[in-house]
Every structure is written in structure tokens, then in C-alpha cells.
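Dear colleague,

Here is the structure for your files. My notes on it follow below.

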Amino acid sequence: MKSLMLFWVLMLFLNCKFMQCSVSYDRKALLIDGQRRILMSGSIHYPRSTPDMWEDLIMKAKNGGLDAIDTYVFWNVHEPSPGNYNFEGRYDIVKFLKIIQKAGLYAHLRIGPYVCAEWNFGGFPVWLKYVPGISFRTDNEPFKREMQRFTEKIVNLLKSHNLFESQGGPIILAQVENEYGRLRMRLGREGNNYMTWAAKMVTSLQTGVPWTMCKDGDTPDPLINTCNGFYCDNFTPNKGYKPKLWTEAWSGWFTEFGGPNHQRPVQDLAFSVARFIQTGGSFVNYYMYHGGTNFGRTAGGPFITTSYDYDAPLDEYGLIRQPKYGHLKELHKAIKLCESALVSADPIVTQLGDRQQAHVFIPEQGGCSAFLSNYDTESGAKVLFNNRHYSLPPWSISILPDCKNVVFNTAKVGEQTSHMEMVPTSTKILPWESYNEDVSALDYGSTITALGLLEQINMTRDTTDYLWYKTSVDINPSESFFHGGDRPTLIVESTGHAVHVFVNGQLIGSSFGGRKNRRFTFSKTVNLQPGANKIALLSIAVGLPNVGGHFESWNTGILGPVVLHGLDQGKLDLSWERWTYQVGLKGESMNLASPNGISTVEWMDSKIAVQDQQPLMWHKAYFDAPEGKEPLALDMQSMGKGQVWINGESIGRYWTTYASGECKGCGYTGRFAPPKCQVGCGKPSQRWYHVPRSWLKPTRNLIVLFEETGGNPTKIALMKRTTNTICAQVSETHRTIKSFQIESYDSTQEFYIPKIHLHCAFNQYISSIAFASFGTPFGTCGSFVKSSCHASTSNAVLEKRCIGKQSCAVTVTNSNFGKDPCPNVLKRLSVQAICASTKSTATTTTTNQTTIHY
Ligand code: GAL
């Protein structure tokens with residue numbers, strides 16, 4: 001064992017000599033330029049935002065206390081057809097990495113090229129499915145050849161820009177494959193061979209930085225196996241000489257159409273990170289730090305929403321989500337204060353109570369840092385540590401960089417809460433005009449006719465979501481249902497993901513699969529006419545699945561049977577009839593979504609289409625860009641299901657489907673899982689669709705949508721996202737409890753002073769103080785109430801310091817509020833403030849007893 005370890009250390013060293021490599025690892029941490037580091041990282045996927053947003057996102061990540069940005073590399077956007085590469089616009093990975101470098105941050109590049117990520121087909125290009133003899137993610141020559149080719153392409157591209165740390169660039173770590181463990185177990189020897197090959201292949205690329213592989217217990221050396229999950233404190237790497245890295249600390253969860261949104265309380269997220277660090281972890285990557293948007297048809301699934309907000313510290317639009325962002329920032333500061341002790345010593349664990357522990361790091365060179373934890377989900381605990389008393393809220397960890405003073409407790413959120421709102425803009429979207437796909441004349445473009453039902457992706461190669469299956473059935477006028485008997489039933493079995501069924505040009509119904517269970521059955525009684533009847537099935541792929549192995553065998557579309565039940569002969573199986581196939585929509589073939597394509601058809605006033613709720617309609621209109629800098633979104637609640645484009649750029653798929661499930665609210669204590677903290681039940685899974693500002697011109701922006709079922713486009717509104725209400729609550733310091741009281745740390749001073757910090761978004765100012773009370777107020781943001789202990793100067797003090805400012809800080813001490821409103825009671829300051837985009841510098845406010853003029 002020892003000799004093996006020496007071998008790898010030597011290998012790394014030799015490699016480094018050769019490559020001037022400056023990243024290596026040992027059992028404690030990654031070493032950069034020979035220094036062990038505790039690194040905080042966050043996932044920001046470059047195609048999920050626009051290039052003009054990147055710098056802001058990365059700077060916010062830096063200000064949030066991150067050292068590194070993590071991104072997957074998305075093969076299918078870079079190589080849309082074999083050998084044709086795209087590294088432009090949202091896919092300009094070099095630019096993204098250079099911005100990271102400019103910000104002074106590191107990068108973890110998860111090349112995969114299988115990425116999962118709720119991304120179409122897990123990141124694989126669909127053409128890969130048609131490489132002869134291919135079998136995905138296993139010991140298969142055609143697959144390995146393609147995987148190696150793409151991995152080399154990326155590595156060489158980035159090397160040519162000197163982007164690896166060994167070349168002076170930001171990339172300190174790279175990942176091959178993704179969460180291979182489960183598949184390896186299923187595949188056995190083939191899986192092992194594949195992984196051994198993958199490890200050798202990437203090591204031979206001479207990047208000079210270590211490679212990782214997540215969720216795979218048998219990762220071959222010198223790759224580091226890492227953990228993904230909501231908690232990773234129990235994880236240990238597969239060899240004693242590898243560091244404990246957490247590549248996906250799930251900050252929230254993704255949303256599916258038909259499901260609610262999931263939120264992860266920041267207290268629990270911070271607790272899980274502190275648990276990981278106290279047990280020797282040295283690298284944490286938040287998945288996601290900014291989730292962003294699945295523009296176009298990039299969402300995986302099926303049925304992953306266009307929004308990939310993820311309840312991340314930066315919201316879908318790139319705005320700071322509080323208190324998540326700020327609380328994690330404080331956590332990172334606290335961890336960094338312990339860095340030298342954490343990287344030099346192993347924790348000494350002592351039991352402080354039944355469910356309470358201390359993890360103490362005492363390096364040889366001196367110093368001491370401690371993490372005091374309380375795993376009890378119900379009760380707070382008072383513990384004795386180093387002859388001092390500390391009080392620990394339930395399910396929390398206090399961090400003591402000097403083993404004496406608490407600078408942070410995971411459950412005590414000192415940061416403000418911000419309420420993000422969607423506010424209508426004054427922009428008018430006009431005039432709405434419509435164009436009908438015209439189901440009865442399905443003869444545009446080329447059609448294919450075959451006996452039997454064909455698989456959808458074979459037909460479309462995923463160039464479109466849509467495939468028409470059309471057939472005709474002759475019905476004898478003597479059938480008894482024409483003479484008073486029961487009408488027949490049409491049954492359509494689909495392997496996914498959705499279908500709209502038309503009989504003789506009329507939409508008779510639709511059916512949908514789910515993300516987990518894609519297969520579904522459409523069943524409905526039909527009105528047939530004597531003689532020929534046209535049956536047209538519009539089958540829809542709503543994002544290709546992204547999880548699993550053997551992608552080559554995955555099927556989509558109507559594979560049957562398709563049967564008419566209840567005819568005089570019993571059932572009539574149409575599965576082996578002559579079917580005609582049409583790939584995509586007529587509007588797609590005419591490029592109706594683009595400014596160049598719209599003039600190819602006659603549009604009509606939308607009134608009739610809206611009145612009749614006609615299915616399969618294209619709608620278009622124009623609008624001017626609203627002033628200001630706030631992020632924009634379309635309110636699509638009045639629409640059914642389809643896709644929307646602005647100036648030819650695809651905003652994504654929309655679907656006003658309502659979230660089922662239970663949203664009963666949740667506390668932060670206890671183990672988190674996505675169903676625990678759901679919001680938005682009974683509401684549309686997604687109502688707002690991000691419109692990047694950089695896609696707009698000042699005037700006459702073209703909006704086009706394709707609506708599958710009905711809806712009213714005239715009610716679509718352009719909204720702006722702002723943070724209007726912000727709240728904060730901070731307790732005063734009390735001498736007797738100083739050692740365990742959470743306080744904001746002021747690095748310019750030698751001691752901790754409790755201060756309340758309020759910040760409005762960029763270009764916004766505090767316009768009023770809706771509530772302020774220094775005393776013992778009750779309630780939470782939006783519903784604060786004063787108690788009998790209340791300093792009457794509270795509002796006036798806050799107004800004086802904050803009105804007209806973008807941000808302000810107010811010290812939480814008796815002296816700041818005149819006199820002590822209730823001596824010998826620990827008080828707090830609770831504030832609710834309103835942010836607005838116009839700066840007001842003077843105000844007149846009536847507080848309970850005083851009217852103050854400034
Ligand atoms: C992980 C996977 C990620 C992402 C995540 C869920 O298992 O590695 O790519 O899919 O789950 O958001």
C-alpha cells in the first residue's frame with residue numbers, strides 16, 4: 001500500500017517536472033503550487049446563460065466566497081454533426097474560462113463527455129446513436145473512439161489557449177465520465193474495462209492536472225473518486241492517499257413539468273457543508289451555484305422545465321438569492337479562517353453530549369480550529385467545550401477558528417431575505433397574428449410511407465420535437481355504432497413522450513408520459529364516418545432522457561399497438577397498416593420562427609384563433625425593449641404547450657401544466673430530500689420564461705410561438721424581475737453570551753460587532769422602511785410585528801442610515817437606538833425595507849411617536 005502511494009506521488013512529481021505542473025493531491029487536499037487548499041466551488045454551466053451575463057455571474061460567485069467555478073462540457077452543442085464544431089456565443093467555452101481566469105478563480109472542467117445534467121440526451125449528440133456498432137458508456141470500440149476523439153478535441157483546444165493550471169491557466173481539475181458506479185455494477189467486467197480505459201486515456205492527455213470521477217467506488221488510480229449528494233460527510237475516497245472531494249453538493253433541485261419547485265433551506269445546506277469539512281473534506285462544489293435556463297431544446301428529461309433555477313444562490317436570472325447567497329458567503333469566510341488548521345491536522349473527535357460532537361484540528365505548528373455540532377433534529381443543546389459554554393441550535397454546527405470564538409453557526413442566518421418579484425413592464429406586445437398548421441393538408445416537405453410504426457428518433461434525428469404518424473381507416477357503413485351502438489375507442493400506446501390525436505382533422509385529445517415512466521396509453525371514444533377516416537398522431541419528444549446507459553437502445557414515439565376497439569369484428573389493429581410519416585411541422589420547414597421566415601405565409605388576425613382555441617397555431621407579434629437593466633421574462637400563463645422564440649432565438653419549450661404534490665412547508669432540520677420542501681403546488685410548474693436582454697433590439701423585437709393546444713397569446717406579458725422587499729434580522733451581542741453568539745464579522749476590526757446589512761439589487765435604492773423594530777419583534781419577513789419591547793426610534797434610525805442608498809449597515813446596539821427598550825433582555829433588530837429603481841433622498845415618515853424630516 002505504502003509503495004503504491006509512493007509510486008503515485010512520484011508519478012505526479014515526474015509529470016509535474018515535465019509539464020511544470022502545479023496541481024497535485026495528497027490524502028488531505030488538492031495542492032496548488034505545493035500548498036494544500038480548502039476550496040469552495042460552484043457549478044455555472046456556460047450554455048445556460050448568455051455570454052453577456054458570464055462576467056457578472058462569475059464576479060458574484062467570487063464575492064460569494066468561491067475559489068472555483070465548475071462546469072460540464074456539453075458535447076452535443078459543440079459538435080452538432082460529426083466533425084462540425086461550434087464554439088461560438090453561448091458555447092464559447094474558451095471565453096467562459098478566460099473570464100474565470102480574469103476573475104482570479106480556478107475551474108473544474110467536467111468533460112464527461114457523458115454529463116447527465118438534465119441536459120438533452122445527457123450531453124451526447126444524437127448522431128452518436130447511429131455510429132455503426134456503437135454501445136454507449138461501456139467497453140465498446142466505436143464508443144471509446146468517439147469519446148476519446150471529443151475529449152482530445154476539448155483538451156487540445158484548451159491547451160492551445162494555455163488554460164490548464166500547468167500552463168498558467170485556471171483549470172485545476174478535470175472530470176471524465178459521470179457517476180459511473182451504478183452502471184459499472186450493472187455491466188460488471190465490461191464496465192470495469194471501460195473505466196480502466198477511460199482513466200488511462202485521460203491520463204495520457206498530459207493536462208498536468210488531476211482527473212476526477214464522481215460516484216464510483218472503484219475509480220482507478222491516479223484518478224480521484226469523488227462524492228455527489230445532499231450530504232457527503234460519510235464518504236471516503238477509495239484509497240487512503242486521495243483527498244475527500246465533493247463534486248456535487250446539491251443546493252436545491254431541478255423542476256419537471258407537472259411537478260412543484262424544490263427549495264433546500266440554506267441552514268441545512270450550510271450544515272451539510274460544515275459536516276463535510278469537519279470530517280476532513282477539502283473541496284466542495286455547489287451544484288448548482290447558478291442553474292440558469294435550458295434555452296432552445298437543450299432540456300433533458302423528458303419533461304425537465306426550461307427553467308433550471310435549482311434554488312441556487314444565484315437565481316435563474318443571475319440575481320442574488322438571499323439569504324442563501326449571503327449565508328453561504330459567511331460560511332465560506334468562517335471555513336477560510338480555519339484553512340491552515342484544516343489542511344495540516346486530522347480532526348480529533350470528542351463526544352460533547354448524546355448527539356453533540358466536537359471536531360478539533362490542532363496543527364503541529366500551532367493554532368486550533370473547532371467545529372461544534374449538534375445532530376439533534378428537535379432540540380438545541382448547551383455544551384461545554386474548552387471550559388466554555390456554547391449553545392447550539394438543533395441540526396447545526398458552530399465554527400470556532402481559534403477554538404474559542406464562534407464566528408458562524410449554520411442555523412443562524414444573519415443575512416437578509418430578499419423577495420424576488422415579477423413586475424409587469426409597460427411594454428405592449430402587438431399586433432398578434434396567427435397562422436394555422438392546417439392538419440388536413442399534411443403534405444409539406446418530404447414524407448415517408450411504411451408498413452407499421454417507426455421509432456421517432458430514427459426518423460427525426462432529434463432535429464425537431466415533432467413527428468406525424470398518419471394513416472387512413474375504412475369503416476363500413478353497416479357498423480352497428482352508426483345505428484345506435486356504442487362508439488369505438490381508439491387506443492394508442494406510446495413509448496413517449498406526448499401525443500395529440502387528430503381524427504378527420506379534429507383534435508380529439510392528448511396524452512402525456514412522465515419523466516420516470518415515459519410510456520403511456522391514449523384511449524378515447526371516437527366519432528368515425530362511413531368510408532375513409534384520417535387518423536393523424538402528432539408525437540412529441542419533450543427532451544431526451546439524460547440518465548442511464550446503453551443510449552443506443554432508447555426508443556421514443558408511437559411503437560404501438562394502435563387499435564380501434566368496439567367495431568363489429570371486435571378490434572382492428574392498425575399497427576401494421578400503411579403509415580405516412582412527416583418529420584417536424586410545416587411552420588418549422590418554412591422557418592416561421594425566424595425573422596427571415598415569417599413572410600413566407602399569410603398571417604391573420606389572432607382573434608379567431610383565440611376565440612376558437614384552435615390547436616397547432618403559430619402566433620407572432622412585435623414589441624420594443626423595456627428600459628432599464630432588470631432581467632426580463634415572458635408570462636406564459638395564458639398559453640397551453642409549445643415553443644417560443646424571440647428574434648429567432650429559442651427561449652425554450654413552455655407548458656402551463658399545474659404542479660401536483662404536497663407543499664406543506666418544511667423546517668430546516670433533519671435530512672433533506674427534494675419532496676420535503678416543495679413550493680408552488682397547484683400552480684404552473686413554470687410560468688416565467690427568461691428573455692435575455694442581449695437578445696433584444698431597442699425596437700420591433702419579433703416574438704413567435706408555436707402553440708399545440710390552444711391559449712391566448714394576447715395575454716402574454718413581458719415582466720421584469722426585481723427585488724422589491726428585503727428583510728433582515730440580527731441579534732445584539734450580550735457580554736455573557738459573547739462566546740457563542742453569532743455575529744457578523746467585521747474583518748477591519750479585531751472583534752465581532754452585530755450589524756444589520758441591507759442591500760438592494762444593482763440600480764436600486766432603499767426607498768422606504770416598511771418595518772423596523774429594535775426589541776423583541778415577532779414574525780418573519782412580510783409579517784413582522786412589534787412586541788412590547790420596542791425602541792421607538794427604530795424606524796427613524798433605519799431611515800436615516802438607509803433611505804436613498806443601495807446598501808446600508810446599522811449596528812445592533814442599545815446606544816444606536818437611544819436607550820435600552822427593555823434592559824436585561826437579549827434584543828434583536830428586524831427590518832423590512834423596500835427597494836425601488838428611483839433614488840429618493842428625502843422622506844417623511846411617521847413612526848409610532850415621532851415624525852422625522854431629513
Ligand atoms: C447528478 C448528476 C448531475 C445532475 C444531478 C441532478 O446525479 O451527476 O449531472 O443530473 O444529479 O441535478
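How do the residues of the shell around the ligand divide into nonpolar, polar and charged? There are ten nonpolar, two polar and three charged. Ala, Val, Leu, Ile, Met, Phe, Trp, Tyr, Cys and Pro count as nonpolar, Asp, Glu, Lys and Arg as charged, and the others, Gly among them, as polar.

This is a predicted model, in which local features need pLDDT of at least 70 and side-chain atom pairs count only at pLDDT 80 or more, while totals for chains, interfaces and linings use all residues. Residues are numbered from 1 along each chain as its sequence is written, and side-chain values use heavy atoms, without hydrogens and water.

The ligand: of the 15 residues around it, Y72, A117, E118, E179 and Y310 come nearest (a residue counts as near if one of its heavy atoms lies within 4 Å). An N or O atom in the side chain of Y72 is 2.8 Å from an oxygen atom of the ligand. For E179, the corresponding distance from a side-chain N or O atom to a ligand oxygen is 2.5 Å. A polar side-chain atom of Y310 also lies 2.5 Å from an oxygen atom of the ligand. Taken alone, the ligand exposes 310 Å², of which the protein buries 94% (Shrake-Rupley method, 1.4 Å probe).

The other site is S272, in helix α8, residues 266-278 (a helix is a DSSP run of H or I, at least four residues). S272 counts as buried because its relative accessibility is 0%, buried meaning under 20%. Beyond its neighbours within four places in sequence, S272 is in contact with F230, Y231, W246 and R264 (heavy atoms within 4.5 Å).

Regards

Definitions and conventions:
Helices (H or I, at least four residues) and strands (E, at least two) are DSSP runs, numbered from the N terminus. Buried means under 20% relative accessible area, exposed over 50%, partly exposed in between (1.4 Å probe, protein chains only). A polar contact is a pair of N or O atoms within 3.5 Å; within protein, one must be able to donate a hydrogen and the other to accept it, and residues adjacent in sequence count only if both atoms are side-chain atoms.
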